[in-house]
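This report describes selected features of the structure shown below.

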Amino acid sequence: MVSPGSGAGALRARAETGVCVGAGQCARVAPALFDQHDDGTVRLLRADVPAEARDDLLLAVDLCPSGALGAEEPA
Amino acid sequence: MTSSPSAEPRSADGRPASFPIGRSCPFAPPDAYAAMREEAPLTKVAIPGGKEAWLVTRHADVRTALASPAASSDARHPAFPALGDGEQAVAADLRPFIRMDPPDHTRVRRMLVGEFTVKRVRAMRPAIEEICAEQVDHLLSRPAPADLVGDYANRVSTTVICRLLGVPTADLEFFRRVTTITGGRSSTAEQVGAALADLFALLDRLIDDKAADPQDDLISRLVTGPLARGEITRSSLLSQIGITLNAGHETSRNMIPLAALTLLRHPDQLDLLRADPGLWPAAVDELLRLLSVADVIPLRVATEDIELDGATIPAGDGFIALLAAADHDPRAFADPGELDITRSERHHVAFGYGVHQCVGQNLGRLELEVALRTLFDRVPTLRPAVPVEELPLRSASAIFGLEEVPVRW
């Protein structure tokens with residue numbers, strides 16, 4: 001898990017459709033990274049998140065109410 | 001859902017203070033929350049019906065508690081901390097999905113959530129702009145002082161939610177009358193019961209109408225989809241439509257006038273918005289945080305011990321995750337009592353947290369933005385007609401609001 005404000009590089013994003021409750025926070029705050037399927041659940045648009053979108057990903061992870069999103073340092 | 005005027009965190013004899021606690025100022029949480037939040041992670045209170053429950057007041061703890069799989073929303077649990085006469089019995093009987101646990105909750109929520117995606121809601125903007133413009137026309141057609149609640153906000157929120165669900169225009173006035181009774185301070189329990197029965201009779205008839213002649217609306221899609229496929233019973237479908245209608249209406253009806261008054265009290269912030277309308281979405285979230293009108297909606301029972309930062313909610317106990325207390329926690333928000341539409345913190349919990357976070361939050365945001373923008377663009381001289389201290393609080397309601405807000409222009 002990566003905490004907000006730490007580091008500055010690219011990240012790897014994770015989204016679990018089965019955990020998602022379709023609140024839509026990720027698609028609202030990080031539309032370049034996340035969309036929603038027709039049933040409302042998360043659709044990951046971009047798993048390799050470049051450094052310039054790092055803060056957007058971390059905000060989406062923080063706001064997600066169901067714990068469906070994750071961010072990791074690339075291996 | 002009555003409200004106690006007490007602001008004391010504890011009574012003199014050491015017994016738990018009673019809850020709910022009323023607001024002394026419409027624009028801030030109850031005064032007692034700050035002391036509770038500083039003193040301990042959990043505060044035990046006495047709630048209506050002779051029960052006790054824990055209050056969770058810190059932002060991080062509210063998120064932890066509401067995200068826990070051990071936080072049950074099932075109103076059939078004896079410890080469920082209902083705050084109003086009959087609330088628990090009604091919720092246990094009707095089982096709206098806000099008072100269900102997974103997997104039942106997941107199944108119902110999945111039927112609805114596709115209606116409220118960011119994309120679907122964005123497509124509703126022109127219709128909401130048209131509705132708000134019409135209702136400003138209505139407001140301006142009234143002799144001053146007019147009522148920002150009855151002559152604008154209630155009309156906007158009922159029209160938006162009825163159009164989404166597919167309630168015909170011919171039934172709108174009936175629906176407005178019913179919601180005035182069910183949400184009204186002066187209504188008796190009998191009047192509320194009769195009004196709800198009328199509402200459910202209308203929805204029941206609509207289910208037949210939509211089955212026979214489906215339209216492009218939410219009820220039609222539920223009737224021709226999950227109901228026709230036998231994935232939900234007719235009585236459960238009625239409950240889910242009822243809670244969607246009620247939650248979608250009451251929140252916007254209460255937020256629009258409170259938010260408008262808040263901006264009028266902060267002309268510097270209103271000037272920022274007039275100079276840069278791109279700030280409106282951030283302003284809406286800041287108003288949602290500051291006012292947190294759904295404060296006491298998250299009622300839960302811990303089915304196992306829930307560990308917070310420095311305290312444990314014991315298994316079997318009821319608890320209430322206070323959204324307004326969390327959204328005014330100085331650990332999470334700098335100067336939490338200040339309206340600052342440029343603030344960087346965006347993690348407010350005005351829509352709740354966990355699997356029950358508001359399913360209609362994106363519609364709620366859009367509706368609030370368009371209703372406020374239209375109002376301030378069209379009525380630049382808008383001002384309250386009475387001192388704020390004289391505004392009647394809507395304290396007998398699960399969602400905080402004002403009974404009426406007389407305005408001039």
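Helices are DSSP runs of type H or I with at least four residues, numbered from the N terminus. The model discussed here is predicted.

**Cavities**

Two cavities of 30 Å³ or more are present in the structure.

In the second largest cavity, α1 (25-29) and α2 (54-63) of chain A each supply at least two residues of the lining. From chain A, the lining of this cavity includes Gln25(A), Arg28(A), Asp62(A) and Leu63(A). From chain B, it includes Arg63(B), Arg346(B), His347(B), His348(B), Tyr353(B), Gln357(B) and Arg365(B).

The largest cavity is lined by 15 residues. Those nearest its centre are Cys20(A), Ala23(A), Gly24(A), Cys26(A) and Cys64(A).

**A helix contact in chain B**

The axes of helix α13 (residues 280-291) and helix α15 (residues 361-378), both of chain B, come within 10 Å and cross at roughly 110°. Angles of 65 to 115 degrees count as roughly perpendicular, and α13(B) and α15(B) are therefore roughly perpendicular to each other. On the side of α13(B), the contact is made by Trp280(B), Pro281(B), Val284(B), Asp285(B), Leu287(B) and Leu288(B). Helix α15(B) contributes Arg365(B), Leu368(B), Glu369(B), Leu372(B), Arg373(B) and Phe376(B). By class, eight residues of this contact are nonpolar, four are charged and none is polar. Arg365(B) takes part in this contact and also lines the second largest cavity.

Note on methods
Residues are numbered from 1 along each chain as its sequence is written. Chains are lettered from A and ligands numbered from 1 in the order in which they are written. This is a predicted model: local features need pLDDT of at least 70, side-chain atom pairs count only at pLDDT 80 or more; totals for chains, interfaces and linings use all residues. Side-chain values use heavy atoms; hydrogens and water are left out. Axes are lines fitted to C-alpha atoms, for helices over the stretch in contact, and angles run from 0 to 180 degrees between N-to-C directions. Angles under 35 degrees count as roughly parallel, over 145 as roughly antiparallel, 65 to 115 as roughly perpendicular and the rest as oblique. Contact means heavy atoms within 4.5 Å. Ala, Val, Leu, Ile, Met, Phe, Trp, Tyr, Cys and Pro count as nonpolar, Asp, Glu, Lys and Arg as charged, and the others, Gly among them, as polar. On a 1 Å grid over the protein atoms alone, a cavity is a set of points where a 1.4 Å probe fits but cannot get out, and a pocket is an open set with protein on both sides within 12 Å along at least five of seven lines; lining residues have an atom within 4 Å of a point. Grid points are joined across faces, edges and corners, and a volume is the space filled by probe spheres set on the points.
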